[in-house]
Amino acid sequence: MKLNDEELDERFVTEISMIIEREIAKEKKISLAKAKEDFESSKTYSYLCSDDPFI
């Protein structure tokens, strides 16, 4: 199955987010759920999910 650009972008964000969340949890010694919550409230996550090509 070939993915379109939107699906590829969504998959990229999901995969990168999971990697970053694991690293945050490991570095801060917190739960993965807390790391996910922290990351999803960050500017970095906001930029990652943005459709703005200038970010």
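View 1. At 39% relative accessibility, K36 falls in the partly exposed class, which lies between buried, under 20% relative accessible area, and exposed, over 50% (1.4 Å probe, protein chains only). This is a predicted model, in which local features need pLDDT of at least 70 and side-chain atom pairs count only at pLDDT 80 or more, while totals for chains, interfaces and linings use all residues. Residues are numbered from 1 along each chain as its sequence is written, and side-chain values use heavy atoms, with hydrogens and water left out. K36 forms a salt bridge with E40, their closest N and O atoms being 3.2 Å apart; the term stands for a side-chain nitrogen of Lys or Arg within 4 Å of a carboxyl oxygen of Asp or Glu. Helices here are DSSP runs (H or I, at least four residues), numbered from the N terminus.

**View 2. K34 and D38, also joined by a salt bridge.** The side chains of K34 and D38 meet at 2.8 Å, N to O, and the two residues are 4 places apart within helix 2. K34 is partly exposed at 37% relative accessibility, and D38 is partly exposed at 22%.

**View 3. The pair K26 and E23 in helix 1.** A salt bridge links the side chains of K26 and E23 (3.7 Å, N to O), and since they are 3 residues apart in helix 1, about one helical turn separates them. K26 is exposed, with a relative accessible area of 58%, whereas E23 is partly exposed at 42%.

**View 4. E21, a buried residue without a salt bridge.** E21 sits in helix 1, which covers residues 5-28, and the nearest side chain of opposite charge, that of K36, is 4.3 Å away. Leaving out residues up to four places away in sequence, E21 touches L32, A35, K36, F39 and E40, where contact means heavy atoms within 4.5 Å.

**View 5. L32 in helix 2.** L32 belongs to helix 2, residues 32-40, and is partly exposed, with a relative accessible area of 47%. Apart from neighbours within four places in sequence, L32 is in contact with E21, R22 and A25. L32 and M18, which are 14 residues apart in sequence, lie 9.3 Å apart in space, C-alpha to C-alpha.

Note on methods
Lys, Arg positive; Asp, Glu negative; His and termini not counted.
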